[in-house]
Amino acid sequence: MTKVLAGITTSVDGCVAGLNDGPGKGLGEGGERLHYWVFGGPWTYEGGTSGEATGEGAVWLEETMSRIGAVVGGRWTYEAAEHWGGENPWSLPFFIVTHRPEDEPEGGRFTFVSGVREAIEQAVAAAGDKDVHVMGGADVIRQALEAELVDELTIIVAPVVLGGGKRLFDGFDRSLELEHLGVRQSPDATFIDYRVKRAPGA
């Protein structure tokens, strides 16, 4: 049965991006530090990336990617990443949640959908016997959690305090009960996997 997985990297103070995030600075000021684990060490917006995940980060990424058949992301993430240069970075069906689905680009690399629930439903259908990954940003993950659509949540904590920016649970006004599934540790991040407990009847 297809599961819906949500995962995102945060700072120790809960920020998924620093201040002034957007095109050209997708993770905000100082936000590069959040994704050192993705690229195997330091990188900058100006210098770009050249490495890849290593150690426990690589193991977690490989195991997760092997499970995924479709991806859901938010419009702000899509814009901040500058549309990934027009190329689908996942090479999987990729559904973008947006208030303007009519803006969908040609070429079929991305499917624009008007709501989180609809996007996840389409992603589940596209994933076949694999799982769906909700990659963020924070608002899309919050909406999916609020709608009780997420089966497993991974919080990847980078060893940095950003002191400001976008926080994962800003505006989240309900309780959420989690069951700890496992943890991995690398020099650049701690990977904490949870099962999201659903309310009875959900």
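The legends below describe close-up views of a predicted model.

**View 1. Strand S3 between its two parallel partners, S4 and S6.** Strand S3 (68-74) is mostly covered, with seven of its seven residues buried. Five bridges join S3 to S6, and these two strands run parallel; within this pairing, Ile68 stands opposite Asp131 of S6. S3 is also joined to S4 by four bridges, again in a parallel arrangement, and here Gly73 stands opposite Ile96 while Gly74 stands opposite Val97.

**View 2. Side chains of strand S4 and the directions in which they point.** In a regular strand the side chains alternate between the two faces of the sheet. Strand S4 (94-97) shows Phe94 and Ile96 pointing one way and Phe95 and Val97 pointing the other way, and all of these residues are buried.

**View 3. The largest nonpolar core and a separate core beside the description of it.** The largest nonpolar core has 28 residues, and those with the most contacts inside it are Val72, Ile120, Val134 and Ile141. Two or more residues of this core are given by each of S1, strand S3 (68-74), strand S4 (94-97), helix H4 (116-127), strand S6 (131-136), helix H5 (138-146) and S7. Apart from this core lies another one, of eight residues, among them Val71, Ile96, Phe112 and Met135.

**View 4. The surroundings of Ile141.** Ile141 is one of the residues with the most contacts inside the largest nonpolar core. When residues up to four places away in sequence are not counted, Ile141 touches Ala6, Gly7 and Ile8, together with Val134, Met135 and Gly136, and also Leu153 and Leu168.

**View 5. The second largest pocket and the elements that line it.** About 200 Å³ of space lies in the second largest pocket. Its lining has 14 residues, of which Trp60, Thr64, Arg67, Thr154 and Asp193 are the closest to the centre of the pocket. Strand S1 (4-10), helix H2 (55-67), strand S7 (152-157) and strand S9 (178-186) each supply at least two residues of the lining, and the largest share, four residues, comes from H2. By residue class, the lining of this pocket divides into five nonpolar, four polar and five charged residues.

**View 6. Arg184 and its contacts.** Arg184 lies in strand S9, an element that supplies at least two residues of the lining of the second largest pocket. The C-alpha atoms of Arg184 and Glu56 are separated by 6.5 Å, although these residues are 128 residues apart along the chain. Leaving aside neighbours within four places in sequence, Arg184 is in contact with Glu56, Val59, Trp60 and Glu63, and also with Ala189, Thr190 and Phe191. Of these partners, Trp60 is also among the residues closest to the centre of the second largest pocket.

**View 7. The largest cavity and its lining.** Rolling a probe the size of a water molecule over the atoms shows where empty space is left. The structure holds one cavity of 30 Å³ or more, and about 40 Å³ of space lies in the largest cavity. The lining of this cavity is formed by Ala144, Leu145, Glu148, Leu149 and Val150, together with Arg174, Leu176, Val196, Lys197 and Arg198. These lining residues divide into six nonpolar and four charged, with no polar residue.

Methods:
Residues are numbered from 1 along each chain as its sequence is written. This is a predicted model: local features need pLDDT of at least 70, side-chain atom pairs count only at pLDDT 80 or more; totals for chains, interfaces and linings use all residues. Side-chain values use heavy atoms; hydrogens and water are left out. On a 1 Å grid over the protein atoms alone, a cavity is a set of points where a 1.4 Å probe fits but cannot get out, and a pocket is an open set with protein on both sides within 12 Å along at least five of seven lines; lining residues have an atom within 4 Å of a point. Grid points are joined across faces, edges and corners, and a volume is the space filled by probe spheres set on the points. Ala, Val, Leu, Ile, Met, Phe, Trp, Tyr, Cys and Pro count as nonpolar, Asp, Glu, Lys and Arg as charged, and the others, Gly among them, as polar. A nonpolar core is a set of buried Ala, Val, Leu, Ile, Met, Phe, Trp, Tyr and Cys residues joined through side-chain atoms within 4.5 Å. Buried means under 20% relative accessible area, exposed over 50%, partly exposed in between (1.4 Å probe, protein chains only). Contact means heavy atoms within 4.5 Å. Two strands pair if DSSP finds at least two bridges between them.
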